[in-house]
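I opened this entry to keep track of what I looked up, going from the domains to a helix pair and then to the ligand.

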Amino acid sequence: MTAHAKPPTNDLEAFWMPFTPNKAFKADPRLVERAEGMFYYTPDHRAILDATSGLWCVNAGHCRPQIVEAIQRQAARMGYATSFNLGHPKAFELASRLAQLLPGDLDHVFFTNSGSESVDTALKIALAYHKARGKGSKTRFIGRERGYHGVGFGGISVGGIVGNRKQYGALLPGVDHLPHTHDPARNAFSKGQPEHGGEGFANALEAIVGLHDASTIAAVIVEPVAGSTGVLVPPKGYLEQLRAICDRHDILLIFDEVITGFGRLGAPFAAEFFGVQPDMITMAKGLTNAAVPMGAVGVRGGIYDTLMGDGAAGIELFHGYTYSGHPLACAAGLATLDLYRDEGLFERAAALASGFEAVVHGLRDAPHVVDIRNLGLMAAVELAPRPGAVGARAQEAFHRAFDEGLLIRVTGDTIAFSPSLIADPAHIEEMMATTRKVLETID
Ligand SMILES: Cc1ncc(COP(=O)(O)O)c(C=O)c1O
């Protein structure tokens, strides 16, 4: 049969869905077709309260008119221009605005289209930087167990989520991993940053440096708060200690802020929230309120300057994407930054955080709950796994919650909450009340 002879179908089969059990989903699909503010709407007009900001990304709420209109205007004016040897004003404007928002001397921005591409870009910049300063032997990367850095080969190599790695062979060579920081024996039910283990977990980096020698290590990459693995908040002192060790050994520190950027913790970036300055920040998601795909890497001036060099004026970094600085994404990004500023959404998140913490920890006595963790507007409620069926209980909770009009996110047996920064306390109460009801009805 030729392609032309195929009958038109729309039977759910053709779309190979990402990170989804396709057969199970297609047997029992859940669809949404409209969104506004804190809610999705199903094709039969049921409202679904979104407790996950889409996928940690719609930080300013769904379908905000200012962003929609900015995209519409840009689409009509100029839908595309390359950023290779050509420029358009909004890409420069957005980069300048981001440079202002980024902490310290992170004052240059490389545009990508996703978090995964941002991570690969940052890793490549780290290698190119060391090579440019005559330290080409610094090629190793250090990630962390349970880390999530997207799905490119760089990201899964430095990442530490087994399921994302085991199907894909040997990955990048020369990568090592820090231990994860989850220590429920000492830190279960911590409110905010856990008390115990910070120095010890960070000092594992010294052991790794001892094993490989600093002259072989390019960069350490961590999520300041590990998100996708189920919200692991860094113990007190941990990030500070990582920074000190990286400084001691001339190793770059990359914060992957794809989730923590743009107000999730009540500050523009986690780096500012924790008072720890990384050498690069990877971002995506909240950058455009997820209305158009876009990612970026914020880079310290010294790194940029080193790569610019003082020699011939050729291409300094052989890297880029057809859609780097895409005009629609830039328009969405500028409108999103305006909205964050004009509505004081980062401050709003900071103000909501303690109430959010109290309400989430109110689930402590709900059935199956073995741990609760939170920081800013991100939280996790971990359930005891069913014997021999890890993840099944949380998956059932996810389905029941959807039936009850609530969208949650689950990984393993952990339920994650990351409401939009426009949430009202009443929305947060409703999220937890529905979650309690669901936990009370599943075995
Ligand atoms: C910390 C982190 N890095 C990278 C990514 C990958 O982003 P994307 O799915 O846009 O490629 C994610 C996605 O959740 C993330 O949480």
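This is a predicted model: local features need pLDDT of at least 70, side-chain atom pairs count only at pLDDT 80 or more; totals for chains, interfaces and linings use all residues.

The assignment I used divides the protein into domain 1, made of 10-64 + 344-441, and domain 2, covering 68-342. When I looked up the contact between them, I found 33 residues of domain 1 meeting 30 residues of domain 2. On the side of domain 1 that touches domain 2, the elements giving two or more residues are helix H2 (53-56), helix H14 (345-361) and the strands S11 (369-375), S12 (378-383) and S15 (414-417). The largest share of that side, seven residues, comes from H14. By class, I noted 18 nonpolar, nine polar and six charged residues on this side of domain 1.

Next I turned to helix H9 (residues 198-212) and helix H10 (residues 238-248), whose axes come within 8 Å and cross at roughly 25 degrees. Because angles under 35 degrees count as roughly parallel, I recorded H9 and H10 as roughly parallel to each other. The crossing of H9 past H10 is right-handed. From H9, Gly198, Glu199, Phe201, Ala202, Asn203, Leu205 and Glu206 meet Tyr238, Gln241, Leu242 and Ile245 of H10. I classed this contact as six nonpolar, three polar and two charged residues.

Last, I asked which residues are closest to the ligand. Of the 14 residues that surround the ligand, the closest are Ser114, Gly115, Ser116, Gly150 and Val258. Helix H5 (residues 115-132) gives the largest share of this shell, three residues, and by class the shell holds five nonpolar, seven polar and two charged residues.

Terms used. Residues are numbered from 1 along each chain as its sequence is written. A residue is near a molecule or strand if its C-beta atom, placed from the backbone, lies within 6 Å of it. Helices (H or I, at least four residues) and strands (E, at least two) are DSSP runs, numbered from the N terminus. Ala, Val, Leu, Ile, Met, Phe, Trp, Tyr, Cys and Pro count as nonpolar, Asp, Glu, Lys and Arg as charged, and the others, Gly among them, as polar. Axes are lines fitted to C-alpha atoms, for helices over the stretch in contact, and angles run from 0 to 180 degrees between N-to-C directions. Angles under 35 degrees count as roughly parallel, over 145 as roughly antiparallel, 65 to 115 as roughly perpendicular and the rest as oblique. A crossing is left-handed if the near helix is turned anticlockwise from the far one by less than a right angle, and right-handed if clockwise. Two residues are in contact if their C-beta atoms, placed from the backbone, lie within 7 Å. Domain bounds come from an automatic or database domain assignment.
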